[in-house]
Amino acid sequence: MLCGRWRSCRRRPEEPPVAAQVAAPLLLAPPDGDTKRPGLRALKKMGLTEDEDVRAMLRGSRLCKIRSRTWHKERLYRLQEDGLSVWFQRRIPRAPSQHIFFVQHIEAVREGHQSEGLRRFGGAFPPARCLTIAFKGRRKNLDLAAATPEEAQRWVRGLGKLRARLDAMSQRERLDHWIHSYLHRADSNQDSKMSFKEIKSLLRMVNVDMNDMYAYRLFKECDHSNNERLEGAEIEEFLRRLLKRPELEEIFHRYSGEDRVLSAPELLEFLEDQGEDGATLARAQQLIHTYELNETAKQHELMTLDGFMMYLLSPEGAALDPAHTCVFQDMDQPLSHYFISSSHNTYLTDSQIGGPSSTEAYVRAFAQGCRCVELDCWEGPGGEPIIYHGHTLTSKILFRDVVQTVRDHAFTLSPYPVILSLENHCGLEQQAVMARHLRAILGDVLVTQALDCQNPEELPSPEQLKGRVLVKGKKLPAARSEDGRILSDQEEEDEEEEEAEATEQRRRLISQAKQISPELSALAVYCCATRLRTLRPNPVPPQPCQVSSLSERKAKKLIREAGNSFVRHNTRQLTRVYPLGLRMNSANYSPQEMWNSGCQLVALNFQTPGYEMDLNAGRFLINGQCGYILKPACLRQPDTTFDPECPGPPRTTLTIQVLTAQQLPKLNTEKPNSIVDPLVRVEIHGVPADCARKETNYVLNNGFNPRWGQTLQFQLRAPELVLVRFVVEDYDTTSPNDFVGQFTLPLNSLKQGYRHIHLLSKDGASLSPATLFIHIRIQRF
């Protein structure tokens with residue numbers, strides 16, 4: 001810490017003290033003349049109140065909602081004044097929360113007939129009048145037709161501007177926007193003045209049950225006009241007091257000393273204590289110029305409490321290492337050296353018994369970084385193969401429509417290769433049709449032959465296969481059966497088993513074995529499906545192009561019984577793992593156990609939210625969310641001795657101090673008096689010896705700014721495989737706790753020091769401005 005004498009010498013004598021020139025730290029901007037319309041004030045801060053498209057959306061439009069060939073209903077849609085939500089009309093009025101959708105939950109806005117729904121049911125409406133709003137998570141697309149092309153364009157452009165502005169907003173701006181939207185709703189008579197009753201309503205809306213006496217005292221301290229109403233600057237003062245962060249102030253004052261501003265050397269001291277890589281004086285100066293809001297302080301290279309908060313709430317102050325959010329790993333290693341984001345029954349949007357199949361499910365999977373999708377192919381009418389979950393009530397979609405969706409959407413998020421995992425139930429003729437569709441629609445994007453100069457003893461790399469599509473399917477072997485039919489690898493093994501077992505059931509299965517079309521077989525270049533029967537430590541010659549598909553049960557058996565041999569197998573060849581067919585509701589298994597053994601294609605039901613998909617999202621959160629994650633060295637070396645069941649002694653201690661949370665979402669928005677009782681659980685997912693979970697106590701009736709100050713510690717044996725999951729729940733004494741939010745990330749991407757965790761909903765959408773504030777310490781030995 002710098003001495004007081006140096007502080008007094010760092011400015012010219014004739015200048016007044018810089019701290020006196022700097023306004024008291026504000027959590028919110030001061031009144032700007034729009035406090036009479038808090039909602040519009042929020043839009044003004046977004047810089048969009050004068051935008052013609054946004055103004056048209058504020059007035060509202062009657063748009064036709066399209067759900068089927070006969071279901072076309074006109075509904076009123078109107079942007080709310082907060083700029084964050086859109087209200088829409090329903091035929092039967094429901095709870096207020098059922099009449100809005102949020103801009104931050106929009107995945108994409110598409111023009112024309114660019115959705116499955118509009119392609120099938122929108123023929124009566126010209127493409128120029130149509131748009132589709134696609135949402136994150138499981139919410140269905142909203143297919144709309146406007147009265148004119150101009151009106152459709154206003155909504156397409158307007159939503160695009162709102163989404164872009166929202167993405168560009170800092171956490172402080174989001175908080176400002178968030179609190180003013182609630183202020184607008186709490187002002188029951190819209191007179192731009194807040195009575196104590198309205199203030200109490202505001203407090204309940206933002207998830208805090210404050211003692212009446214304390215709340216009234218805070219109210220009166222801001223009521224300078226003494227008329228039992230807060231307005232203008234009084235409201236802003238109340239909000240500033242409400243949003244104070246005492247724990248941040250304590251940290252700030254620990255480093256700033258008596259003058260209550262951080263010099264660049266003092267900020268550097270904080271960064272060094274944080275364990276920041278590349279902490280230099282120049283770096284501290286850069287942070288001041290980036291995050292300090294007060295121009296006077298910035299000119300003197302000083303940081304106020306407000307700037308300090310801006311920094312800690314920014315991505316650079318988050319728990320996730322910003323350097324890991326872009327592609328930073330070596331992408332020139334063989335495909336078998338990567339975990340690859342993979343989907344099971346990709347075409348389903350619900351359960352595998354009676355749920356709908358849709359090409360939109362592929363679009364959503366690609367939007368989540370998925371790089372291996374599944375196509376269950378069956379004989380269809382008119383000579384056209386179809387995709388659905390065979391022998392169930394799931395709906396059917398055309399194979400060619402799925403291939404067109406792959407062409408249009410596979411590389412929107414990631415440039416790295418996509419694998420089409422074919423489960424083929426078609427006869428020879430329709431297999432040939434499948435092959436023709438793949439070649440005609442995908443063109444040069446489809447891999448149809450081995451790359452030039454490729455080492456035949458290993459798979460090509462993601463970099464070599466950038467922008468390409470691979471087919472995983474059965475390959476014609478040289479062997480033939482007695483009747484001359486060409487058999488797949490699967491069938492050959494079945495015949496061997498039949499000979500050994502000599503059962504009538506096996507004979508029947510063989511008689512039903514399907515032939516493989518030469519046209520389709522030719523497309524299986526690097527991903528030739530084969531059954532994994534035995535594990536040989538050193539197969540000669542290497543067979544890198546063979547891919548085995550295992551049920552979760554078979555994979556677990558190999559992990560238990562083969563251990564290191566299975567790990568070694570996965571250093572050379574791809575292994576796909578899929579959920580048991582008994583999971584009728586499309587539930588998932590934990591992917592961590594499969595990753596521990598180096599399985600690359602760990603396929604999950606992307607349509608089913610839960611902790612399993614949280615782990616998948618956390619695993620592929622880094623490396624630019626490109627869908628490929630380089631496996632740890634112990635899972636890449638051909639002669640590795642690693643066994644996930646016997647990982648060795650502890651090598652790392654992870655210590656997490658859970659300090660506070662901010663602006664947790666209200667779970668039951670229809671019940672004003674329903675306030676959450678939050679607790680925080682930290683889960684470790686890794687090798688079995690590392691798996692653990694520990695949690696804090698719960699805080700009664702406070703989802704706005706609960707405080708814990710509790711320390712949780714974990715001993716880790718294989719830290720390179722660990723995922724850390726932060727979970728917030730609403731404690732309940734008589735029933736299971738309710739989920740509030742979570743965030744999952746790899747331990748190796750977790751930054752040390754004081755950090756914010758930005759929480760996500762059950763289906764992965766942002767819960768901004770909800771955060772956890774924690775301190776992280778990682779000791780490696």
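Reader: What percentage of the 781 residues count as buried?

Author: This is a predicted model, where local features need pLDDT of at least 70, side-chain atom pairs count only at pLDDT 80 or more, and totals for chains, interfaces and linings use all residues. Residues are numbered from 1 along each chain as its sequence is written, and side-chain values use heavy atoms, leaving out hydrogens and water. Buried means under 20% relative accessible area, exposed over 50%, and partly exposed in between, with a 1.4 Å probe and protein chains only. Of the 781 residues, the buried share is 55%.

Reader: Is Met210 buried or exposed?

Author: Met210 sits in the loop between α8 (196-205) and α9 (212-222); helices are DSSP runs of H or I with at least four residues, strands are runs of E with at least two, and both are numbered from the N terminus. Because its relative accessibility is 13%, Met210 counts as buried.

Reader: Which residues does Met210 touch, not counting those up to four places away in sequence?

Author: A contact means heavy atoms within 4.5 Å. With residues up to four places away in sequence set aside, Met210 touches Lys200, Leu203, Ala215 and Leu242.

Reader: How far apart are the C-alpha atoms of Met210 and Asn701?

Author: Along the chain, Met210 and Asn701 are 491 residues apart. Their C-alpha atoms are separated by 8.4 Å.

Reader: Does Ile353 count as buried, partly exposed or exposed, and why?

Author: Ile353 lies in the loop between β13 (342-343) and α16 (360-367). Because its relative accessibility is 37%, Ile353 counts as partly exposed.
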